[in-house]
Amino acid sequence: MPSLKSGCRSPVTGPARLFLKAGMDGSPASRPFKYAIHNMINITLPDGAVRQYEPGVSALDVARSISEGLARKVLAANVNGQVWDASRPITTDATLKLLTWTDTDGKSTFWHSSAHLMAEAVESLFPGVKFWVGPPVENGFYYDMDLGDRKMTEDDLAVLEKKMNELARQNNAFTRQEIAKQEAVDYFSQKGDEYKLDLLQNLHDGEITFYTQGAFTDLCRGPHIPSTGLIKAIKLTSVAGAYWKGNEKNKMLTRVYGVTFPSQKELDEYLQMLEEAKKRDHRKLGKELSIFAMDDDVGPGLPLWLPNGTIIIEELEKLAKETEAAAGYKRVVTPHIAKESMYLTSGHLPYYEDSMYPAMEMDGTKYYLRAMNCPHHHKIFAAEPKSYKDLPLRLAEYGTCYRYEQSGELFGLMRVRCLHMNDAHIYCTKEQFYEEFKAVNEMYLKYFKIFGIDKYVMRLSLHAPEKLGQKYMNEPELWNETETLVRDVLVKTNTPFVEVQDEAAFYGPKIDVQIWSAIGREFTLATNQVDFAQGRRFKLEFTTQDNKSDTPLIIHRAPLGTHERFIGFLLEHYAGRFPLWLAPVQVKVLPISDKFLDYAKEVAGKLKKADIRAEVDDRQEKIGKKIRDTEMLKVPYMLIVGEKEMNERQVSVRRQGKGDMGTKGVDEFISEAVLEKEERRAE
Ligand SMILES: [Zn+2]
Ligand SMILES: [Zn+2]
């Protein structure tokens, strides 16, 4: 099942509870109507500007008062931290952010509304259909439905799309209605819809809303876009079976996936991107280029790195080692397993037990394969006494971890059970934190440049003060200090970032690094984590300058993520055309005929001496075929040698993707190639 981006939109208790006892005009029932006396309310906009409006004003009204053009783009609104219908009346002072297509919440509201539109179309074509839930997902939406005895096929999707387009053009408003539980139960009993009745079981008076657009009404906590006319381009992508509530003992429902956009142009671009992504699928390229293999006997999710893939791994590790050495890191090596007691100390057990391989028992002690490297590094910190002079201590290791991912979640190199992480842990004082974090951030930016990653964003997850001591460690000062420092680094280095409230880890703020491949597909690369818990759990201490004992702050970081995910990303990003420094075979020498085989071998020998990975194509094939085959293998350079080249000690150079580059002396070519690879040039 795809991950739900902003939670399932089944009508569970929504965040809008605050206003649920409100009258239909949206005014809190506990307060008398104040409309008559025209008390104005203050609306604070994201830039800090405060504007005054009549109570009952909607986000859409506010947008209109700014510009009509803006109002046409508004999909939803963030009102006091909650996502609302843009058309919903605001009756008290509020902070307001208008949400459009470029906001995650705007987009998911758009897609969830599209699921309702699809349901309306389904209902008109399949009368009597019953619906379960229809959430937005990472790229679009789906709706689960019970069609009774009928079946939906891929062919029906085109008909459905047409109907949806027709309904979208009617530009029907999405209207929200608060409703008493009994009334809702009556409505769905009459319809004979046991699914919505099931959802209603856990809901109470005051938290139930219906949304209607056109002829379709759904039990839903919302929010929704203002009207269907905003949906300009529709593509239903697939139909599949899905067990009710994900339980295989339940009835199989029909799940229809789709994606919609506010313009045809955006849909076209999206479809083109999918087409391109298919060509660049890392599983397909991984096989064609002999990068990795999977074997049933080894087990699912356990990739075997073939010699070509191993070369890429070693080049990446070389880059990491050089970069980390220059940044003052020290390398360590630690075992892949440890006793249960260590993971109890770290808290991975019992909390992460489900994602760890089961324990193995030896001499009456349980051992686990590690799912993370951190505890081992903490033990290295603890192995010898530390003073302030030892800090910051930066311990690095390309650590191998094992995670028990559900078999349904496994996906090529992207979701695996054995991973090699570009891991390091930085132990520092509070005073050193800013500089250390800044250096980590700079390392990310340096890597992005090397790999030609132009689009990236850091997602900074913060704590929620009201949840200190429950969801978050009760260290209000440390939270505020570190969050401020992290934000400062991002602002001062002009790093693009977004802030998300209430999504930090238990033990500190974190940064998820999102990157986009050359064809615009998004990947989560790694997570940076500030940690003020593990140091204490492991009783890590250092002697301060005034001879007291203190616990270090810890930064977890992995800029190159794992080899598995990063090489999967690079395969798509480069479409398999690795830059020279990463290419498994860097140069192929192609003799025009056997007569020049000895010269070809001599050239290849010289290349190898210069540390260039070179091969000779010694097959008895026509040169045209040799060239085509080498292009298929995406080797950066081909050197063609015949009579003229041999006599003049030269080579004819062809560059992957660029074609003929003329003739060069062998030594000249070698010195240029060495420079290109040493500088890790993109091409
Ligand atoms: Zn809904
Ligand atoms: Zn860690």
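**Entry 1: the α3/α4 crossing**

I started with how α3 passes α4, and I found a right-handed crossing. By the convention I used, a crossing is left-handed if the near helix is turned anticlockwise from the far one by less than a right angle, and right-handed if clockwise. Helices here are DSSP runs of H or I with at least four residues, strands are runs of E with at least two, and both are numbered from the N terminus.

A note on the source: this is a predicted model, where local features need pLDDT of at least 70 and side-chain atom pairs count only at pLDDT 80 or more, while totals for chains, interfaces and linings use all residues. Residues are numbered from 1 along each chain as its sequence is written, chains are lettered from A and ligands numbered from 1 in the order in which they are written, and side-chain values use heavy atoms, with hydrogens and water left out.

Back to the helices: the axes of α3 (residues 104–125) and α4 (residues 154–169) come within 9 Å and cross at roughly 115°. That makes α3 roughly perpendicular to α4. For the record, angles under 35 degrees count as roughly parallel, over 145 as roughly antiparallel, 65 to 115 as roughly perpendicular and the rest as oblique. The axes are lines fitted to C-alpha atoms, for helices over the stretch in contact, with angles from 0 to 180 degrees between N-to-C directions.

Which residues meet? On the α3 side I listed Ser114, Leu117, Met118, Glu120, Ala121, Val122, Ser124 and Leu125, and on the α4 side Val159, Leu160, Lys163, Met164, Leu167 and Ala168. The residues of this contact divide into 10 nonpolar, 2 polar and 2 charged. Contact means heavy atoms within 4.5 Å. Nonpolar covers Ala, Val, Leu, Ile, Met, Phe, Trp, Tyr, Cys and Pro, charged covers Asp, Glu, Lys and Arg, and the others, Gly among them, are polar.

**Entry 2: the whole protein**

I stepped back for the overall numbers. The protein comes to 20 helices and 35 strands, and its C-alpha trace spans about 95 × 75 × 55 Å along the principal axes. Of its 683 residues, 51% count as buried; buried is under 20% relative accessible area, exposed over 50%, and partly exposed in between, with a 1.4 Å probe and protein chains only. Among contacts with a separation of 6 or more, residues 24 or more positions apart account for 68%.

**Entry 3: the five-stranded sheet**

Next I traced an open sheet of 5 strands in the order β2-β1-β7-β4-β5, with mixed pairing. Two strands pair if DSSP finds at least two bridges between them. β2 (50–53) and β5 (82–84) stand at the edges with a single partner strand each, so one side of each is left without a neighbour in the sheet. Neighbouring strands are turned by 35° against each other on average, direction ignored. β1 (residues 41–44) pairs with β2 in the antiparallel sense over 4 bridges, and threonine 44 has valine 50 in β2 as its bridge partner.

I also looked at asparagine 78, which lies in β4 (residues 76–79). Its C-alpha is 6.4 Å from that of leucine 98, 20 residues apart in sequence. Not counting residues up to four places away in sequence, asparagine 78 touches Val83, Thr95, Leu96, Lys97 and Leu99.

How many residues of β31 (residues 587–591) are buried? I counted 5 of its 5. Val587, Val589 and Pro591 cover one side and Lys588 and Leu590 the other.

β34 has an antiparallel pairing with β33 (residues 637–641) over 4 bridges, where isoleucine 640 stands opposite serine 652. β34 also pairs in the antiparallel sense with β35 (residues 659–665), over 5 bridges, and arginine 654 has aspartate 660 as its bridge partner. The hairpin of β34 and β35 has 3 residues between the strands, and glycine 657 in this hairpin takes a positive phi near 80°.

My last stop was glutamate 676 in α20 (residues 666–678). Is glutamate 676 buried or exposed? Glutamate 676 is buried, with a relative accessible area of 4%. Leaving out residues up to four places away in sequence, glutamate 676 touches Leu580, Tyr637, Arg655, Arg681 and Glu683.
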